[in-house]
Each structure stands twice: as structure tokens, then as C-alpha cells.
Amino acid sequence: MSVTGENTNFYQPSRQGLTPCPTRDAAELRSAARSLGQMLVFGSELSFELQDAKNPQNPFHSQDFANKQSFALLQSMLIAERWLTEFLLGPSKSKVRKKTDICVDCFRYDWRFPEGSLAEELAERRDRIHKLALHPTWELVDLGARTWTLNRIRRCAEGLEIFAAQIKMAHPAVAEEFTLHTKFARVALLNGRSDGSRWFVYPSSPEIVAASDVRAAP
Ligand SMILES: [Zn+2]
């Protein structure tokens, strides 16, 4: 089903029938799946910590140090989210897929993410991340402090579960690798890192404050 309506058609799947990707053996596919899965878990851990942080604003509008820590977490989380979204949705119609990309075709030729609300949400989010996190655009200046929905990386976990189910028959061990990590990611979204440690400490540690003071001194 295609979602229609004003400005809602963000998902434009790449054509089917593109030149097949170079053949990869099972170990390579599994390793790629593990990398994607680990990135999802990492992003989910950051998402959990960001819920606890000050709402990160864009650097054009904030000089506050705690906010800058949040900003560093946010950028990392958004890149993780975009990794997963790029993988699941593939390049948009207008862009050419690169041979060096890990893409869905590498695992299952001509599979395309099903159209619908999840695809639209992922694609819309990809565009926002592209404009506000990965490139300097005038929106950063014109729109003022930005706010982000911090737990939408959960939707990437859902997308990866859909994909894992689609490759399970042909590549059961690879599918299992994806599934294992989506499970880890769901736990991380609720509880943070499995060992209870944190990526960042709020408020700043005395060492970081001291180092900042030294640098700020005339
Ligand atoms: Zn590929």
C-alpha cells in the first residue's frame, strides 16, 4: 500500500532489477549483519541515555556544556539511526547504489522494504537527519533550537526484524545474527547498556570540568 497525500510520500524505493551486488559468502554476510546489529544496539544505548539528558539543542544555539555533551550523544545516535535506515530503505530512486554499500540486495536480491507507515516514517526521519545532523543547512540557523524524538531508533529495530524474517529461509545464521541484535537493542532501549555503565556522565566529571578550566584560562 502506498501512502499518499501532501508531503507524506517520503519513501521512494530504489528500482528493482539493478545490477546484482558482488557475491558474498556466508561469513561475510554474517559479519555485515553483526556490524549493522551492533550499530543498532549502540544507537539504542545512546537513545536510552539521551532520555535522561537535557534536550540536546543545535550548536548554533547552545553554549551550555551539558548540552554539548548531549549533542555529542545525539549526533552519534542519529548516525547509527541513519546507517540502519539507509540499509533498510536503500538509496532513493534518484540516487545510484554504490557497489561498496552493504545493501539489502547483498542479502536478498531485489527485496524492497514494504511500502506503508513504517517505511514513510523511516524515510521522513532519514531526510531530517540528513538536513539537520549530517550537513550544514540554513535550517540550522533559521529554525532555532531543534528538538528530536529520541526513541525513534526503535523503528529501525522493527525494520530489521522485518528484513530478518525475509532472509531466514536462504540465510538462517545471518537472520539469527540480526534477530539477536534486535533483541539486544530492545533491551538497551529500556535499560541502557547491559553492564549498567554509561557512555556519558551527567553532570560533567570533575576531571572534565578541570580540563575545561585549564583550556579556558588566559
Ligand atoms: Zn549490495
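**Entry 1: α1 and α7.** I looked up the pairing of helix α1 (residues 26–52) with helix α7 (residues 172–191) and found that their axes come within 8 Å and cross at roughly 5°. An angle under 35 degrees counts as roughly parallel, so I recorded α1 as roughly parallel to α7. I then sorted the residues of this contact by class: 14 are nonpolar, six are polar and four are charged. I note here that the model is predicted.

**Entry 2: the chain as a whole.** I next listed the secondary structure of the protein chain, which has eight helices and zero strands. Read from the N terminus, the order of elements is α-α-α-α-α-α-α-α. For burial, I found that 29% of the 218 residues of the protein chain count as buried. I also looked up the contacts with a separation of 6 or more; residues 24 or more positions apart account for 81% of them.

Entry 3: I turned to helix α4, which covers residues 117–134. This helix has 18 residues, and from its first C-alpha to its last I recorded a reach of 24 Å, close to the 26 Å expected at 1.5 Å a residue. Which residues of α4 are buried? I listed A119, L122, A123, R125, R126 and I129. Two arginines, R125 and R126, stand in that list. As background to the spacing, I noted that an α-helix has 3.6 residues a turn, so residues three or four places apart point the same way.

**Entry 4: α4 and α6.** I then examined α4 against helix α6 (residues 153–167); their axes come within 10 Å and cross at roughly 130°. That angle makes α4 oblique to α6. I recorded the handedness of the crossing as left-handed. Which residues meet there? From α4 I noted L118, E121 and L122, and from α6 R155, E158 and G159. By class, this contact has two nonpolar, one polar and three charged residues.

**Entry 5: E86.** Last, I looked up E86, which lies in helix α2 (residues 65–89).

Technical notes: Residues numbered from 1 in each chain as written. Predicted model: local features only at pLDDT ≥ 70, side-chain atom pairs only at ≥ 80, totals over all residues. Axes fitted to C-alpha atoms, helices over the stretch in contact; angles between N-to-C directions. Helix = DSSP H or I, 4+ residues; strand = E, 2+ residues; numbered from the N terminus. Parallel < 35°, antiparallel > 145°, perpendicular 65-115°, else oblique. Left-handed = near helix turned anticlockwise from the far one by under 90°. Contact = placed C-beta atoms within 7 Å. Nonpolar A, V, L, I, M, F, W, Y, C, P; charged D, E, K, R; others polar. Expected span 1.5 Å × (residues − 1). Buried ≥ 20, exposed ≤ 12 C-beta atoms within 10 Å, placed from the backbone.
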